[in-house]
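Please look at the structure below, and then work through the questions that follow.

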Amino acid sequence: MKQQVKNIIFDLGGVLVGLDKHRCISAFEQIGAEAVAEYVRDHRTADLFYDIEVGQMTTVDFCKEVRTMAGCNASDEEIVWAWNQLLTGIPQMKKKRLLALKPSYRLFLLSNTNEMHWKKCVTDDFTDAHMTENSYFEQIFLSYKMNLTKPNRQIFERVLNAAGIEAAETLFIDDSLTNCQSAAQLGIQVFHETTGNDWLNKQEWDEDNLFG
């Protein structure tokens, strides 16, 4: 029998932040970086995108690599803009739900992300109504700062240790089945998000029906 959930770890992209691959592809094509648009189209996570997610490449180096790969003259600002077109923002209803959950749960964020995407989220999505990203989460864990990415089990172990929480009392919500399976191997309760909004409709995690 599952233990009572006391902690919830949220993924960012696909769970909180909406993603639009086609808009990102169009943006890279617009700045003349068709080769990079193909990376996005094929959902390739090796080399270029992996390096920025694991903190092995700076934003400046990423922009240089994009220009080299694509043979284009796009500026750093244009490249960052194109890459950030993947993100469509966090709906207000999700932020309200996070705030509603805080009195009953310890909330954490664990994301495979990069400096460019995170800065955009902090600036555009978490700062309304005098709030910040820290208004929603007790601690925030980002792959590019941790030099680890999901589904590596070490990233989950580090989060549990740093937060001082028990795996069995923790729920992990992610849109990647592979990431969920890795977390489950450590005894973490998991919920595989498939639409971006499924978690909003769950009721059994809280007797006060905060998910209803």
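Q: Which strand holds Ser111, and is the residue buried or exposed?
A: Ser111 has its place in strand E4, residues 106–111, where strands are DSSP runs of E with at least two residues and helices are runs of H or I with at least four, both numbered from the N terminus. This is a predicted model, in which local features need pLDDT of at least 70 and side-chain atom pairs count only at pLDDT 80 or more, whereas totals for chains, interfaces and linings use all residues. Residues are numbered from 1 along each chain as its sequence is written, and side-chain values use heavy atoms, with hydrogens and water left out.

Q: Which residues is Ser111 in contact with, leaving aside neighbours within four places in sequence?
A: Contact means heavy atoms within 4.5 Å. With its neighbours within four places in sequence left aside, the partners of Ser111 are Asp11, Leu12, Phe141, Leu142, Ser143 and Lys150.

Q: How many residues does each domain bring to the contact between domain 1 and domain 2?
A: The domain assignment, automatic or from a database, gives domain 1 as 7–17 + 90–204 and domain 2 as 21–85. The contact takes 10 residues from domain 2 and, from domain 1, 12 residues.
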